[in-house]
Amino acid sequence: MHPRLLERLHAAVGDAGLVLDDEARAPYETDWLRKFTGRSSVVVRPADTAQTAEVMRICHETHTPVVTQGGNTGMSGGATPDGSGAQVVLSTVRMKAIRSVDPLNNTLTAEAGVLLAHIQAAAQAVDRFFPLSLGSEGSCTIGGNLATNAGGIAVLRYGNARELALGLEVVLPDGRVWHGLRALRKDNTGYDLRDLFIGSEGTLGIITAAVLKLHARPVARATAWVGAASIDALVRLLAQLRAACGERLVAFEMLSAESLELILAHVADSRAPLASAHAFHALIELADTQAQGLAELLEGGLGEALEQSLVDDVAVSVSGAQTQAFWKIREGISQAQMRAGKAVKHDIALPISALAAFVHRADAALREAMPGVRIIDFGHLGDGNLHYNVLMPLDTAPEAMATATARLNRIVHDLVAEAGGSISAEHGVGQLRRDELRHYKSEVEFDLMMRIKQSLDPNQIMNPGKLI
Ligand SMILES: Cc1cc2nc3c(=O)[nH]c(=O)nc-3n(C[C@H](O)[C@H](O)[C@H](O)COP(=O)(O)OP(=O)(O)OC[C@H]3O[C@@H](n4cnc5c(N)ncnc54)[C@H](O)[C@@H]3O)c2cc1C
């Protein structure tokens, strides 16, 4: 560590902004899944943009590496320091202000450390809607959501985090501030810097605030659970419902039979939504700003699908409690996987038209490579985003896990690449998929990324070892 680093950081952020004690630093040094653990030299928690800028000026001058951290709920180890003990963790948790809400412009300006759930509530308080919604919304921050370009359950209708941001304020690696908090839907004044920082996972700068897009608040929702014999049938159902319901279709989530079994076995008070067994399940939701006719629309669409034998069973929710129970099942999958084993995770995106063929090929390839393999296949089918995971026994040794991960990654990711898909859809690249990214990016694309990184962060201090 640079000799005067701590003293200078203390002068920048004061007592309240420094965490020095080993025990107090520990939660910042391990990720949510407890898959990655590192060691920080210090945790810095600036109170505002000016303090963040001062911290970065100091780190730039002293060539000190910085790992930005929001809610620390990311699933790719992007916010965890390495084991060197040389990296500063910069936590945004004290930057919690909602700076303004403009219902006429349908925008809200929030600082990076505001929890996603608090942004949703602030939008609701002015009768508007902020649609980004994730299982971690009570703990993740808007800065983290933007830095990973988070997806979640309403991308089908509203897009991912990138599509919900209009402007950003960013502290650059050398401590300068880019004041890009524009609340404009049209701004063609050159290169889109905003889109450069969104999804950059803390490798180019620190997002300190954002202007977010608000939407009209839906007043009605209709939710159903369906069972089908194949993933092909669900893909066709999705196309049919999109045609019939248009923008009212907000969520189309898929679970394989094995994923559902895992949840029912490991999540307390979860009950099977349908009486009979099915190879695939989908949780479907419509929402609208008009109260009338939504349930009828959903029932009509699903009735037709039953007649065509696209689906074999349907349960349309008749109460808020039943809707909650459906969502509890879907959201229980992360917890169930953690309890049941060690997962080799894949967070992949495919053209929806290529998705069923991919699943057939990948299932066959994995079963051939590893007879008896437990494939936990679920995800945001409406966005072409699958979490196509493989569950290994809880007592799998770390070396065996690493070998299996390399082998399974190659099989799955090769098939994804052949189908024109992406090996990283919404959870970020972090450390988990960094080498895979290098393997699959073309030379030209990787070279462009390296040049951008080099020009913005010449001292290579922003989140080293992540993404790139
Ligand atoms: C139960 C559960 C369910 C989830 N479901 C989904 C889901 O459906 N869809 C989905 O997309 N994700 C999901 N996630 C993961 C998701 O990526 C995170 O929850 C969230 O987007 C990350 O926010 P965070 O504040 O926790 O960021 P962190 O984990 O703290 O950081 C994530 C990355 O962003 C960087 N970063 C954080 N803040 C900033 C900043 N202000 N400026 C620059 N870089 C920054 C970090 O360096 C790191 O690389 C889920 C996670 C959990 C635990």
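Biologist: Which class of residue, nonpolar, polar or charged, has what count in the shell around the ligand?

Modeller: Keep in mind that this is a predicted model. In total, 35 residues surround the ligand, and Thr 68 and Ser 136 are among the closest. Split by class, the shell has two charged residues, 10 nonpolar ones and 23 polar ones.

Biologist: Which element supplies the largest share of that shell?

Modeller: Strand S3 (66-69), helix H5 (142-147) and strand S10 (206-213) each supply at least two residues of the shell. The largest share is four residues, and it comes from H5.

Biologist: How much of the ligand's exposed area does the protein bury?

Modeller: Let's begin with the contacts. An oxygen atom of the ligand lies 2.7 Å from a backbone N or O atom of Gly 71, and one is 3.0 Å from a side-chain N or O atom of Asn 145. On its own the ligand exposes 980 Å², and the share of that buried by the protein is 95%.

Biologist: What about the second largest pocket: which helix gives the most to its lining?

Modeller: That pocket holds about 860 Å³ of space. It is lined by 41 residues, with Gly 199 and Lys 441 among the closest to its centre. Helices H7 (193-197), H14 (398-418), H15 (434-440) and H16 (443-456) each supply at least two lining residues. The one giving the most, with five residues, is H16.

Biologist: And how many residues of that lining are charged?

Modeller: Go through the classes one by one. The lining has 18 nonpolar and 14 polar residues, and the charged ones number nine.

Terms used
Residues are numbered from 1 along each chain as its sequence is written. This is a predicted model: local features need pLDDT of at least 70, side-chain atom pairs count only at pLDDT 80 or more; totals for chains, interfaces and linings use all residues. Side-chain values use heavy atoms; hydrogens and water are left out. A residue is near a molecule or strand if one of its heavy atoms lies within 4 Å of it. A polar contact is a pair of N or O atoms within 3.5 Å; within protein, one must be able to donate a hydrogen and the other to accept it, and residues adjacent in sequence count only if both atoms are side-chain atoms. Accessible areas come from the Shrake-Rupley method with a 1.4 Å probe; for residues, only the protein chains shown count as cover. Ala, Val, Leu, Ile, Met, Phe, Trp, Tyr, Cys and Pro count as nonpolar, Asp, Glu, Lys and Arg as charged, and the others, Gly among them, as polar. On a 1 Å grid over the protein atoms alone, a cavity is a set of points where a 1.4 Å probe fits but cannot get out, and a pocket is an open set with protein on both sides within 12 Å along at least five of seven lines; lining residues have an atom within 4 Å of a point. Grid points are joined across faces, edges and corners, and a volume is the space filled by probe spheres set on the points.
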